[in-house]
Amino acid sequence: MPAVTVPVSPYEQAVEAIRAGNDEALFIALRELLEFAAGCLDGQTDASLYEQLAGDSDLVSQAEMDAALLRHSAQRLAALRVRIGAYLAG
């Protein structure tokens, strides 16, 4: 067994980052979690939910729109991480 295990899911990474007080890892994990959720909504990461929605075009449209919003939020979070890093670096 390795001395250090690395959490595999973005959720587990975020939880571990919070516990460790690792802000850098937290921002990365949260971004990945948002992107994963987006991919589940629009089928890019996991098509199982998206395929179940195929019979309702309004629901598919809403899922695709919300996926795009989640991706936008992930991009904003990444930009914020850079700004915070620059600020803390002085």
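Predicted model: local features only at pLDDT ≥ 70, side-chain atom pairs only at ≥ 80, totals over all residues.
Student: Let's start with the helix pair α2 and α4. What makes α2 and α4 roughly antiparallel to each other?

Tutor: Look at the angle. The axes of helix α2 (residues 23-42) and helix α4 (residues 57-89) cross at roughly 165°. Angles over 145 degrees count as roughly antiparallel, so α2 and α4 get that label. Their axes also come within 8 Å.

Student: Which hand does the crossing of α2 and α4 have, and what kinds of residues make up the contact?

Tutor: The crossing is left-handed. By class, the contact of α2 with α4 has 15 nonpolar, two polar and eight charged residues.

Student: Which residues make the contact between α1 and α2?

Tutor: From α1 you have Pro10, Tyr11, Gln13, Ala14, Ala17 and Ile18. From α2 come Ala25, Leu26, Ala29, Leu30, Glu32 and Leu33. They divide into ten nonpolar, one polar and one charged.

Student: Ile18 is on that list. Is isoleucine 18 buried or exposed, and how do you know?

Tutor: Isoleucine 18, which sits in helix α1, has a relative accessible area of 58%. Exposed means over 50%, so isoleucine 18 is exposed. As for distance, isoleucine 18 and phenylalanine 36 are 18 residues apart in sequence and 19 Å apart in space, C-alpha to C-alpha.

Student: What about glutamate 51, why does that one count as exposed?

Tutor: Glutamate 51 belongs to helix α3 (residues 47-52). The relative accessibility of glutamate 51 is 58%, and with the exposed cut-off at over 50%, glutamate 51 counts as exposed. Glutamate 51 is ten residues from leucine 41 in sequence, with 9.7 Å between their C-alpha atoms.

Student: How do you know that alanine 78 is buried?

Tutor: Check the number again. Alanine 78, in helix α4, has 16% relative accessibility. Buried means under 20%, so alanine 78 counts as buried. The C-alpha atoms of alanine 78 and arginine 31 are separated by 6.8 Å, though the two residues are 47 apart along the chain.

Student: Then what makes alanine 68 partly exposed?

Tutor: Alanine 68 lies in helix α4, and its relative accessibility is 45%. That falls between the 20% and 50% cut-offs, so alanine 68 counts as partly exposed. Alanine 68 and leucine 41 are 27 residues apart in sequence, and their C-alpha atoms are 9.3 Å apart.

Student: Which residues of α4 are buried, and what covers them?

Tutor: Val60, Ala63, Ala67, Ala74, Leu77 and Ala78 are the buried ones. Their cover includes α2 and α3.

Student: One last thing. How do you know that the reach of α4 is close to the one expected?

Tutor: Compare the two spans. α4 has 33 residues and reaches 48 Å from its first C-alpha to its last, and the span expected at 1.5 Å a residue is 48 Å. For α2, with 20 residues, the reach is 29 Å, close to the 28 Å expected.

Conventions:
Residues numbered from 1 in each chain as written. Heavy atoms only, no water. Axes fitted to C-alpha atoms, helices over the stretch in contact; angles between N-to-C directions. Helix = DSSP H or I, 4+ residues; strand = E, 2+ residues; numbered from the N terminus. Parallel < 35°, antiparallel > 145°, perpendicular 65-115°, else oblique. Left-handed = near helix turned anticlockwise from the far one by under 90°. Nonpolar A, V, L, I, M, F, W, Y, C, P; charged D, E, K, R; others polar. Buried < 20%, exposed > 50% of the residue type's maximum accessible area, 1.4 Å probe, protein only. Expected span 1.5 Å × (residues − 1). Contact = heavy atoms within 4.5 Å.
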